[in-house]
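Q: I should like to learn how to read a structure of this kind, feature by feature. Could we take it step by step?

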Amino acid sequence: MTEDLFTTNNVWMMICTALVFFMHLGFSLLETGLTRQKNTINILFKNMFIICAGLMIYFVGGFSLMYPGEFNGILGFNGFGLPIGEDGVSIAYADGGYTYWTDFIFQGMFAATAATIVSGAVAERIRLDAFMLFSVIYVGLIYPIVGSWHWGGGFLSSMDSFLGLDFESDGFYDFAGSTLVHSVGGWAALVAVILLGARKGKFSKEGKSLAIPGHNIPIAVAGVFILWLGWFGFNGGSVLSADPALTSLVLVTTSLSAAAGGISAFISSTLWFKNYDVTMFMNGVLGGLVGITAGADLMSPLESIIIGMTSGIIVVIAVNLIDRWKLDDPVGAIAVHLFCGVWGTLVIGIFGSRAGIDQFLIQLIGILIIALFCSVSAFLILGVIKKTLGLRVSNKEEMEGLDLHEHGMDAYADFGLNDH
Amino acid sequence: MKKIEAIIRKSKFDEVKEALHDIQVNFFSYWDVTGVGNEKEGHVYRGVAYSTSDIQRRYVVIVVSDDFEQKTVQTLINAARTGDIGDGKIFVSEVKQSYRIRTGESGNVAIN
């Protein structure tokens with residue numbers, strides 16, 4: 001390893017960091033566009049809060065909790081702040097892939113994503129203070145603990161020896177976070193949506209699902225394109241170096257899966273619902289991106305297309321199922337991040353260079369453990385908030401808009417398109 | 001003088017404007033309105049079909065001298081009609097007086 005290569009690797013990782021940062025704008029725009037005008041300030045405020053608070057919490061203890069070094073495999077902590085060691089900025093830190101600083105900031109950008117996923121699902125009815133409290137705890141504790149189990153070198157990475165099983169496989173595999181990031185957010189989103197209940201007007205008295213169209217589709221589409229761009233950093237950076245073969249393969253599989261996801265989602269929703277719905281197209285692209293994230297470095301281009309295609313169909317079915325279960329997810333976050341996150345993680349055992357029944361079982365066990373841990377902890381955190389602070393805004397506030405009551409502001413002052 | 005108010009389809013507005021110009025009705029005001037009517041517009045959003053009875057239309061207001069009334073109304077009917085439900089309505093009412101602000105002129109002179 002030469003100094004030049006070290007520098008190159010580190011530059012690539014910092015570019016990827018910037019791309020992942022940009023995804024937060026993508027989420028903000030997507031959520032804004034798919035919800036109503038009267039709740040726009042509220043959505044934007046939550047998204048601003050998540051990235052700012054997320055980074056600070058990750059600095060305080062999240063990073064140390066997620067990457068504790070040598071630990072018992074379940075829970076470890078490396079100290080508050082950023083305890084950079086002697087080798088932090090030398091080749092020795094990560095085989096020349098990046099420095100300690102890059103490591104922190106790249107991982108920090110990831111951390112806030114899990115709470116962002118929840119933000120879209122609970123939009124238009126959650127109390128701002130309740131959401132902020134929840135996201136601080138979830139990003140500060142739950143996300144890093146789950147992350148340490150695999151990326152931090154914990155028990156999921158060597159599950160066969162941990163469980164005393166004789167599997168051929170090395171352990172659970174999740175390249176860039178179909179489960180560790182997207183499902184972790186997705187499980188919390190599911191629990192939150194159940195505890196919160198649906199928005200007023202989402203279901204008729206007879207229980208029929210009603211449409212509450214988003215107010216700005218161009219903004220939402222811009223969000224999807226920005227997310228796709230950001231995913232080059234999300235997956236490309238998860239190579240953890242500028243390895244030419246792997247980074248370029250990852251960009252190919254990521255994009256092919258996104259494209260295939262979009263195409264299959266729009267075709268299946270058009271056949272099913274008889275209209276070319278651009279919001280389903282958008283969710284399909286995102287489903288493809290989430291689906292390939294666990295195995296972006298393992299799949300061939302053809303396999304990535306198959307994963308994208310199946311993810312796109314799963315998104316359309318899941319959006320419909322969630323509606324039938326009387327759950328209200330305004331932006332489709334559960335369909336995209338939870339359903340496709342689980343599928344993308346399972347598919348490691350079906351396609352790609354690690355495929356096999358043992359790997360499939362390990363993936364399944366990993367998914368179940370994380371599902372249990374995330375949903376129980378989300379339930380406890382949100383349950384306590386519900387009993388004390390309250391989760392939901394008042395009826396009056398919901399009808400007149402969170403912007404007016406929580407913020408006392410208009411998103412489009414002087415631009416009156418619509419009075420609520 | 002008469003005030004002619006017409007609620008028409010937005011998609012017919014350009015044709016109506018041309019037709020009015022052709023009969024020398026060159027001045028009028030309009031604005032966009034939302035109303036409730038017989039027409040239902042079918043939509044599908046994320047797999048959920050819904051219909052909206054909130055209908056978008058354009059509201060045109062023309063003040064003309066008495067001898068222009070019939071001609072204007074007939075022109076509006078011809079230009080704004082598609083034959084489907086939702087083509088709109090026309091209302092005619094008396095106008096007591098009109099003034100031109102710049103010169104202070106009143107009566108028919110003021111509306112031409």
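The dialogue below goes through confidence, chain folds, helix packing and the contact between the chains.

Q: What do the mean pLDDT of chain B and the ipTM and pTM of the model come to?
A: This is a predicted model, and confidence is therefore the place to begin: where pLDDT is low, the predicted coordinates should not be read in detail. For chain B the mean pLDDT is 90, with 96% of its residues at 70 or more. The model as a whole has an ipTM of 0.76 and a pTM of 0.88.

Q: How many helices and strands does chain A have?
A: Chain A contains 14 helices and zero strands. Read from the N terminus, its order of elements is accordingly α-α-α-α-α-α-α-α-α-α-α-α-α-α.

Q: Which radius of gyration does chain A have, and what would a compact globule have?
A: The general idea is to set the value for the chain beside the value for a compact globule with that number of residues. For the 420 residues of chain A, a compact globule would have a radius of gyration near 22 Å; chain A has 21 Å, and the two agree. Taken along the principal axes, the C-alpha atoms of chain A fill a box of roughly 65 × 45 × 45 Å.

Q: In what order do the elements of chain B run?
A: Chain B has two helices and four strands, arranged from the N terminus as β-α-β-β-α-β. Its radius of gyration is 17 Å, well over the 13 Å that the globule rule gives for 112 residues, so chain B is more spread out than a compact globule. The C-alpha trace of chain B spans about 60 × 25 × 20 Å along its principal axes.

Q: Is the crossing of helix 2 and helix 3 of chain A left-handed or right-handed?
A: The crossing of helix 2 and helix 3 of chain A is right-handed. As for geometry, the axes of helix 2 (residues 40-66) and helix 3 (residues 100-121) of chain A come within 8 Å and cross at roughly 130 degrees. That angle makes helix 2 of chain A oblique to helix 3 of chain A. Helix 2 of chain A contributes residues including A:K46, A:G54, A:L55, A:Y58 and A:G62, while helix 3 of chain A contributes, among them, A:F104, A:G108, A:A111, A:A112 and A:A115. By class, the contact has 10 nonpolar, seven polar and one charged residues.

Q: How far apart are the axes of helix 10 and helix 11 of chain A?
A: The axes of helix 10 (residues 301-324) and helix 11 (residues 333-346) of chain A are 9 Å apart, and the helices pack at about 135 degrees. Helix 10 of chain A is thus oblique to helix 11 of chain A. This crossing is right-handed. The residues in contact include A:I307, A:I314 and A:I322 of helix 10 of chain A, and A:F339 and A:W343 of helix 11 of chain A. The contact divides into 12 nonpolar, three polar and no charged residues.

Q: How many residues does each chain give to the contact between chain A and chain B?
A: A contact between chains can be read by its residues, its elements and its residue classes. Here chain B gives six residues and chain A gives 14. On the side of chain B, the elements that give two or more residues are strand 2 (29-45) and strand 3 (48-64). The residues on that side are four nonpolar, one polar and one charged.

Technical notes: Residues are numbered from 1 along each chain as its sequence is written. Chains are lettered from A and ligands numbered from 1 in the order in which they are written. This is a predicted model: local features need pLDDT of at least 70, side-chain atom pairs count only at pLDDT 80 or more; totals for chains, interfaces and linings use all residues. pLDDT is the predictor's confidence in each residue, from 0 to 100. Axes are lines fitted to C-alpha atoms, for helices over the stretch in contact, and angles run from 0 to 180 degrees between N-to-C directions. Angles under 35 degrees count as roughly parallel, over 145 as roughly antiparallel, 65 to 115 as roughly perpendicular and the rest as oblique. A crossing is left-handed if the near helix is turned anticlockwise from the far one by less than a right angle, and right-handed if clockwise. Two residues are in contact if their C-beta atoms, placed from the backbone, lie within 7 Å. Ala, Val, Leu, Ile, Met, Phe, Trp, Tyr, Cys and Pro count as nonpolar, Asp, Glu, Lys and Arg as charged, and the others, Gly among them, as polar. The radius of gyration is taken over C-alpha atoms; the globule rule is 2.2 Å times the number of residues to the power 0.38.
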